[in-house]
Amino acid sequence: CGEHWSGGYRCSHQQTPPTGSRGSTPLTMPIRVNLWARTILFFLCVYSVLGGATFSGGMLTPRYQIVNLILISAVGLLWFVAHWRGYGRRVPRWRWGAVPLELAIGLWVVTIGVSLAANLELWRRIAIGMWYVGLYILVWYALQDALANRTLTPAALTEGILLAGGVVMVLPTVQLVQRLTAYLAIPGDIRGAMTPLSDLVRLSGTLENPNRLAVFLVLLLPLALARMVNALRAHRRVGGAFWAGYSALAGVLLIFAFSRGGWLSGAGAVIAFAALLLLHSGFTSPARVRAWWQEQSGHAKALVGASALIILIAGVGAVLVFFRISATQTRLGDQRGMFYTAAVALFQEKPLTGTGLYTYGQGLLRFDSMPPRQVHSHAHSVPFTVAAELGLLGLIALTVSGGFVVWGVSKQWRALNSPEHAGERILLAGGIAGVVGFCLHHLTDFTAVTAVIPLAGLVVLAAIVPAPLHLSGGKPAER
């Protein structure tokens with residue numbers, strides 16, 4: 001299990017490696033295939049954030065849509081050919097392993113199908129949502145198939161997201177420098193009468209929206225912090241400095257995105273990562289903490305105390321800034337309350353099946369005037385949107401899916417509980433924290449309506465949710 005992140009899938013306690021159809025060849029991929037797979041993955045990650053899967057790019061622009069269809073077809077063809085050729089005949093042709101969350105996926109398919117049957121008059125709109133859901137399911141199966149057949153590793157998946165994140169952060173950094181420079185160049189007496197800084201310097205970059213940028217940065221931050229910790233553990237100063245700078249830049253951009261949901265979810269992700277690090281280090285009881293504290297020198301205690309004081313002051317300051325920004329004229333006009341009320345009303349109309357996938361925006365028209373209000377296709381919250389569109393069945397599917405994720409991740413966490421797998425466990429902690437932040441953000445927003453966001457979330461989720469092969473010592477389950 002310790003090789004889950006670093007490049008292989010054979011558990012340390014596994015006596016006999018899984019074999020191909022000939023019964024003697026280890027299930028090991030040629031490095032040539034891995035390089036090609038990583039190249040394709042990295043290209044798709046960067047292409048997605050540069051417009052291929054953004055809202056006004058790949059989702060709305062016809063030219064992008066044509067390119068996307070070509071890319072989807074090409075990747076699907078490569079996937080088919082790779083199976084047909086048997087990866088150099090080292091693996092049986094069309095060998096399928098058991099896919100994580102498969103039961104949850106089946107539950108979602110049934111739920112959406114039942115909701116469609118109950119709302120056939122809206123089938124055209126529902127079909128739009130089904131296209132994207134179907135695409136995400138195919139992406140999940142493709143990722144898991146690549147992992148099971150050694151074409152990709154979990155580490156490669158997170159590397160692709162971090163590479164895309166580096167590209168994403170370029171434009172917001174330029175925006176931040178330009179806007180702050182312009183703002184500070186304005187005389188102070190004029191600045192005092194202007195719109196608050198939180199409305200003038202909101203970053204969005206290629207993702208076109210501060211909330212989308214924020215949730216992407218929330219995914220990146222703990223992944224980068226995990227690599228920084230591992231680099232420092234291995235005394236790699238250059239690597240540690242690089243990832244520290246990467247994390248700091250992501251944190252600064254997250255602050256200046258001025259997304260309140262992003263701030264809360266980012267704080268949750270960092271806290272989750274810190275808690276997992278403490279759990280990994282054995283700080284699970286007050287007695288253990290007291291014993292560690294007594295072992296420290298006076299200088300170390302002073303440093304810890306000063307750090308705790310700085311964190312406390314920063315936390316109090318962040319809370320004050322949060323409430324001050326929430327009181328600005330722009331934020332006072334926030335429509336979330338109305339969105340939630342409309343979602344509850346739609347749920348009450350059809351509590352079992354909902355109004356149908358991707359129909360919330362049409363239902364919202366009955367509860368508010370547009371214009372002057374802006375049209376929204378979601379309720380700015382995953383639970384409220386699911387309740388309105390898929391009813392009680394959708395809420396059950398959402399809860400069951402969360403339970404499966406927690407169960408699978410906890411299994412993987414325990415499987416890596418050994419000193420030789422400490423580095424992999426820290427990387428896993430970063431992935432878990434990123435998913436925690438991603439989920440927290442979607443309690444108060446629904447940025448997943450833009451394809452690049454759920455695709456990024458799926459890639460990180462695939463890296464932390466293990467297939468049965470990673471959880472047992474034996475051969476993988478086959479179809």
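A nonpolar core is a set of buried Ala, Val, Leu, Ile, Met, Phe, Trp, Tyr and Cys residues joined through side-chain atoms within 4.5 Å. Buried here means under 20% relative accessible area, exposed means over 50%, and partly exposed is in between (1.4 Å probe, protein chains only).

Before you start clicking: this is a predicted model, where local features need pLDDT of at least 70, side-chain atom pairs count only at pLDDT 80 or more, and totals for chains, interfaces and linings use all residues. Residues are numbered from 1 along each chain as its sequence is written, and side-chain values use heavy atoms, with hydrogens and water left out.

**Stop 1: the core.** Select Trp 140, Leu 157 and Phe 216. Of the 82 residues in the largest nonpolar core, these three touch the most other members. Now colour residues 210–233: that's helix α9, which gives the most to this core, with 15 residues. (Helices are DSSP runs of H or I, at least four residues, numbered from the N terminus.)

**Stop 2: Leu 157.** Which residues is Leu 157 in contact with, leaving aside its neighbours within four places in sequence? Look for Leu 41, Leu 143, Leu 147, Leu 152, Val 459, Ala 462 and Ala 463. Contact means heavy atoms within 4.5 Å.

**Stop 3: helix α5.** Select residues 154–168. This helix is mostly covered, with 11 of its 15 residues buried; among them are Pro 154, Leu 157, Gly 160, Ile 161 and Val 168. Try the distance tool on its end C-alpha atoms: they are 21 Å apart, which agrees with the 21 Å that 15 residues should span at 1.5 Å a residue. The expected span is 1.5 Å times one less than the number of residues.

**Stop 4: salt bridges.** A salt bridge is a side-chain nitrogen of Lys or Arg within 4 Å of a carboxyl oxygen of Asp or Glu. By this rule there are four; let's visit some.

- Arg 38 sits in helix α1 (residues 31–52), so the pair ties together parts that are 121 residues apart in sequence. Glu 159 is partly exposed, at 31% relative accessible area, and Arg 38 is partly exposed at 25%.
- Next, pick Arg 336 and Asp 445, whose side chains meet at 3.7 Å, N to O. Arg 336 lies in helix α15 (residues 336–349), while Asp 445 is in the loop between α18 (422–441) and α19 (452–464). Asp 445 counts as buried, at 3% relative accessibility.
- Finish with Glu 349 and Arg 366, with closest N and O atoms 2.3 Å apart. Glu 349 is partly exposed at 42%, whereas Arg 366 is exposed at 51%.

Note on methods. Helices (H or I, at least four residues) and strands (E, at least two) are DSSP runs, numbered from the N terminus.
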